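Welcome! Here is a short briefing on the model below, covering a pocket, a sheet and some details of the backbone.

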Amino acid sequence: MADYDLAVLGGGLNGVSIARDAVGRGLRVILIEQGDLGAGASSATSRLIHGDLSVLERRGFFRVRRQLAERDIWLDIAPHLVRPMRFAIPAHSDERPPWLLRSALLMYDRLAPRNRLPASLTVDVTHHPIGNALKRPFGTAFEYSDCVVDDSRLVVLIAVDAAERGAVIRTGARCVRADRTDIWRLALIDRGHRRVVTARSLANATGAWTPSVVETILRTKPQEARATQVSQIVVRRLFENDNIYVFQNSDGRLIFASPYERDFTLIGTVAHAFRGDPAIVAMASADVTYLCEAINRYFREPLAPSDVVRTVSGANAVLDRGGRRDGTMMFDNRRRQAPLITMFGGDVTTSRLRAERAVSMLTPFYPMSPRWTAKAPLPGGDFGWDRFEDEVAAARERWRYLTEPEAQRLVGAYGSRLASILGDAKARADLGPSFGPELTGTEVRYLMEKEWARFPDDILWRRSKLGLTMPPADREALAAFMARVI
């Protein structure tokens, strides 16, 4: 008998979503990730939970409706991670005509299965806060509703939920060989130790590593896939309002400028073909310049490449021919051989649905319980999506030493599970040593014990974004503290 019903290679968004769905249907699951959860492309998404306006422009009505239905599901199951926002598209005389934008947004409102968020409208930016940061020629903008999400935090909490339902999550473990008979026999290097596990089926969700995994580890026909790189830049905060700007660039692309971690702005995205090691993805200077120039068409205050605080890049795989923007999924069910699922690409919005469909391919092989992930909250998400501020107020009432920004960050990361970290601490000193203005020893211990954090970057860039503001000396102190905890 095999050790597991399903082994999942890859701890990105696709991998953890498959693991969560499968274990919740009664399968014995192990997930194997060679580094940290969400360390690749899953930490470099647009961070949007939305219906893609560019798809709507190409008349992909059914796909947009599906995306908007998933947006509603994410609001219900992850209200701490997924936040409704108002998006603003300034009308540019050289780009899409205003009547076309307004018509598209009216259709966008109608495609939403439920009208839970405010409808789109036309704004006179000369008398509206949206216009404060814009150049004077812009007099009209179109406002609509969508959502943003902390992408890397979402990956971790999906993995936490999978583990709490019985899945085995192994980070720092690399599969070096996979032999396929009526079961899969996987040879692993697990934190320096060699071990073998067996599984009745395998899901390859290794993202940009998919072609190399297929060729060198699974030793099957190489995928007709190529890698694409997606990049964004982080700069100081460029505007005071909480809207997300959607700018039409001269080449027809849409560029987003989003409030990011209170004091910064995230600008993106730019995408192009990628060659090289997916573990080392750097943003080219030409891409930085491209985004700065796109923003400078709209904002009053000029932005230069030297203003960039951080770049964010990741690589993923897409099919060479007939690839879908919402991801690729393949099922290999050869006679007398264990099943193989291959999944890569796709957006954050439809990741839950992709995983649900992938696991459903295994229903002929296992007795399974029904589909369930659309109704079950992620850890900490057991409150209404419109009660986020109430949760923040309750946290400040219970832990009076928290400032408003601190409470918002903590509730946004842990939701109703914040008590698992802060407990009965009456003062900040009760939380152990401090690393930077917000991170405490108590939180670090929790992330190491419950969320697989092993190194400072796991905490500073994926389980939080505190690396943006933490001084170098505090980073060194954090590394020393984590070494002692291990």
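This is a predicted model. Sorted by class, the residues lining the second largest pocket comprise 13 charged, 12 nonpolar and six polar ones.

- Which element gives the most to the lining of the second largest pocket? Helix 10 does, with five residues.

- Three strands form an open sheet in the order 8-9-10, and their pairing is antiparallel.
- Strand 8 (173–180) and strand 10 are the edge strands; each has a single partner strand, so one side of each has no neighbour in the sheet.
- From one strand to the next, the twist averages 25°.
- Strand 8 and strand 9 run antiparallel and are joined by seven bridges.
- Within this part of the sheet, cysteine 175 stands opposite leucine 188, a residue of strand 9.

**Backbone details to look at**

- As background, most peptide bonds are trans, and most residues other than glycine have a negative phi.
- The peptide bond that runs from glycine 268 to threonine 269 is cis, its omega being near 0°. Threonine 269 belongs to strand 15 (residues 264–274).
- Arginine 47 is not a glycine, yet its phi is positive, at about 65°. You will find arginine 47 in the loop that lies between strand 2 (29–33) and strand 3 (48–49).
- Is arginine 47 buried or exposed? Its relative accessibility is 11%, and because the cut-off for buried is under 20%, arginine 47 counts as buried.
- Arginine 191 also has a positive phi, of about 50°, although it is not a glycine. This arginine 191 sits in the loop between strand 9 (184–190) and strand 10 (193–199), and those two strands belong to the sheet with the order 8-9-10.
- Arginine 191 has a relative accessible area of 43%, so it is classed as partly exposed.

Technical notes:
Residues are numbered from 1 along each chain as its sequence is written. This is a predicted model: local features need pLDDT of at least 70, side-chain atom pairs count only at pLDDT 80 or more; totals for chains, interfaces and linings use all residues. Side-chain values use heavy atoms; hydrogens and water are left out. Helices (H or I, at least four residues) and strands (E, at least two) are DSSP runs, numbered from the N terminus. Buried means under 20% relative accessible area, exposed over 50%, partly exposed in between (1.4 Å probe, protein chains only). Ala, Val, Leu, Ile, Met, Phe, Trp, Tyr, Cys and Pro count as nonpolar, Asp, Glu, Lys and Arg as charged, and the others, Gly among them, as polar. Two strands pair if DSSP finds at least two bridges between them. Axes are lines fitted to C-alpha atoms, for helices over the stretch in contact, and angles run from 0 to 180 degrees between N-to-C directions.
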